[in-house]
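Subject: Structure for you to look at

Hello,

Here is the structure I promised to pass on. Please open it first, then read my notes below.

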Amino acid sequence: MSAPALSFERDIKPLFREKDRTSMSRAFDLWSAADVAAHGQAILARLQDGSMPCDGAWPADKVDTFATWLNAGAQP
Ligand code: HEM
């Protein structure tokens, strides 16, 4: 049995705090599936190197969830 495909609205958007969205709004909208998909590789790189969020890196399981969603085609 395989897990259901990850969706932005259900699985990814809740990972981003209002503070994250506000902080990054000049570059992209972290609550928009289209924006996050378009900047997905840059976002993943920052999550993996721990430089974003600026106030503390995500635990590996959150980064893995984001990577899985992105690599599966970034479904809305
Ligand atoms: C999960 C949440 C966040 C993600 C995925 C994220 C992602 C990114 C990415 C991809 C860039 C590079 C933008 C570019 O290439 O133009 C960036 C830059 C930046 N972010 Fe974030 N960010 C997050 C949260 C935050 C927070 C909470 C703050 C701080 C209050 C912040 C402050 C900045 C600043 C000041 C820059 C520009 C300077 C730099 O490149 O380091 N971000 N962020």
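The protein has five helices and zero strands. From the N terminus on, the elements run α-α-α-α-α. Helices (H or I, at least four residues) and strands (E, at least two) are DSSP runs, numbered from the N terminus. The radius of gyration is 12 Å, close to the 11 Å that the globule rule gives for 76 residues, so the protein is as compact as a globular protein of that length. That radius is taken over C-alpha atoms, and the globule rule is 2.2 Å times the number of residues to the power 0.38. The C-alpha trace spans about 40 × 25 × 20 Å along its principal axes.

A word on the source. This is a predicted model, where local features need pLDDT of at least 70, side-chain atom pairs count only at pLDDT 80 or more, and totals for chains, interfaces and linings use all residues. Residues are numbered from 1 along each chain as its sequence is written, and side-chain values use heavy atoms, with hydrogens and water left out.

Now the ligand. Which residues are closest to the ligand? They are Ser23, Met24, Arg46, Met52 and Cys54, out of 14 that surround it. A residue counts as near if one of its heavy atoms lies within 4 Å of the molecule. The shell divides into ten nonpolar, one polar and three charged residues. Here Ala, Val, Leu, Ile, Met, Phe, Trp, Tyr, Cys and Pro count as nonpolar, Asp, Glu, Lys and Arg as charged, and the others, Gly among them, as polar. Helix 2 (18-24) and helix 4 (40-49) each supply at least two residues of this shell. An oxygen atom of the ligand is 2.7 Å from an N or O atom in the side chain of Arg46.

Next, burial. Buried residues make up 32% of the 76 residues. Buried means under 20% relative accessible area, exposed over 50%, partly exposed in between (1.4 Å probe, protein chains only).

Asp20 is found in helix 2. Asp20 counts as buried because its relative accessibility is 8%. Its side chain makes a polar contact with the side chain of Arg17 (2.7 Å). A polar contact is a pair of N or O atoms within 3.5 Å; within protein, one must be able to donate a hydrogen and the other to accept it, and residues adjacent in sequence count only if both atoms are side-chain atoms. Ser7 lies in the segment before helix 1 (8-12). At 17% relative accessibility, Ser7 is also buried. The side chain of Ser7 reaches the backbone nitrogen of Arg10 at 3.1 Å.

Best wishes
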